[in-house]
Amino acid sequence: MTVDKIDGRRATGLIVYEGDDGEQAAGWLLGAGPGGLSRVGRKLNEGNAAAFGDFDSDGVRDVAVGDDGSRNDEHGDETEPLSVHRTLTIYYGNGRRAVFTGAAGPAVPGDFNGDGRDDLAFGGVADSSWPHRYTSSRIFWGGSDGLRAGEKVKGVGQAWPLAASDYDGDGDDELVFAAFTDSTDDLTIMVTDGKRVLTSFDRRTR
């Protein structure tokens, strides 16, 4: 399941996924309101990466669904349809939909530039092999017309988006990336403002 941000100011939507065996699965969006969650869900495009946000700042929650890079490794089932493979689909609250292609990986929302519109970090997975090879993620910036095509974060390199929040209390969300260190299981954690690295540190797993 993927849940909208719980901040006490609004009803909180929920995405419930169908079962899967490593492949990209379809999720069902359960809208929220005064009566609780909707009893009838809206079926979304297949994609195991999902995030909520108000990407066009119209006051209505939007949903992003994307290919997180995982695949079923059974013979004949290793591929996904073109409508799913390396695809990010945005479902706007007003019924509009937008599709971006060319990236796969986790999806992490946040207002990285403090303009009141949610942005989205997406990508980082180079292919569907396991263990994953990684590439640069992309930042999709929110605007009055919705998200616009992304750009790379300077100095991040081959990494995937991990989390976002306002860690220093300045009113903007910081975006955190993780990257493997020297082909080991150790990680480098990079804190960014969505455009450049602010600080980094290593996390050893052994």
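This note sets out points on the sheet, the cores, the aromatic rings and selected loop residues of the structure above.

1. Basis of the note. The model is predicted, so local features need pLDDT of at least 70 and side-chain atom pairs count only at pLDDT 80 or more, while totals for chains, interfaces and linings use all residues. Residues are numbered from 1 along each chain as its sequence is written, and side-chain values use heavy atoms, with hydrogens and water left out.

2. The open sheet. Strands β1, β2, β3 and β6 form an open sheet in that order, with antiparallel pairing. Strands here are DSSP runs of E with at least two residues, numbered from the N terminus, and two strands pair if DSSP finds at least two bridges between them. At the edges are β1 (2-3) and β6 (42-43), each of which pairs on one side only. Strand β3 (residues 27-30) is joined to β6 by 2 bridges, and Trp 28 stands opposite Lys 43 in β6.

3. The nonpolar cores. A nonpolar core is a set of buried Ala, Val, Leu, Ile, Met, Phe, Trp, Tyr and Cys residues joined through side-chain atoms within 4.5 Å; buried means under 20% relative accessible area, exposed over 50%, and partly exposed in between (1.4 Å probe, protein chains only). The largest core has 15 residues, and Leu 88, Ile 90, Leu 120, Phe 122 and Leu 147 have the most contacts inside it. Two or more residues come from each of β7, β9, β10 (97-101) and β12. A second, separate core has 12 residues, including Phe 112, Val 153, Phe 177 and Met 190.

4. Aromatic pairs. The structure holds 5 aromatic pairs. Rings of Phe, Tyr and Trp (its six-membered ring) pair if their centres lie within 6.5 Å; planes under 30 degrees apart count as stacked, over 60 as edge-to-face and the rest as tilted. Phe 112 and Trp 141 are edge-to-face, at 6.4 Å centre to centre and 85° between the planes. This pair links distant parts of the chain, 29 residues apart: Phe 112 lies in the loop between β11 (107-110) and β12 (119-125), and Trp 141 in strand β13 (residues 134-141). Phe 112 is buried, with a relative accessible area of 3%, and Trp 141 is buried at 2%. Elsewhere, ring pairs link Tyr 134, Trp 160 and Phe 180 into a cluster.

5. Charges over rings. A charge sits over a ring if NZ of Lys or CZ of Arg is within 6 Å of the ring centre and within 35 degrees of the ring normal. Lys 195 lies over the face of Trp 141, at 5.6 Å from the ring centre. The charged end of Arg 96 sits over the ring of Tyr 92, 4.1 Å from its centre.

6. Asp 67. This residue is in the loop between β8 and β9 and is buried, with a relative accessible area of 0%. Its side chain reaches the backbone nitrogen of Gly 69 at 2.8 Å. The side chain of Asp 67 also makes a polar contact (N or O atoms within 3.5 Å; within protein, one must be able to donate a hydrogen and the other to accept it, and residues adjacent in sequence count only if both atoms are side-chain atoms) with the side chain of Arg 71, at 2.8 Å.

7. Positive phi values. Most residues other than glycine have a negative phi. Phi is near 55° at Ser 57, in the loop between β7 (49-53) and β8 (62-66). Phi is near 50° at Arg 86, which is partly exposed at 21% relative accessibility.

Notes: Helices (H or I, at least four residues) and strands (E, at least two) are DSSP runs, numbered from the N terminus.
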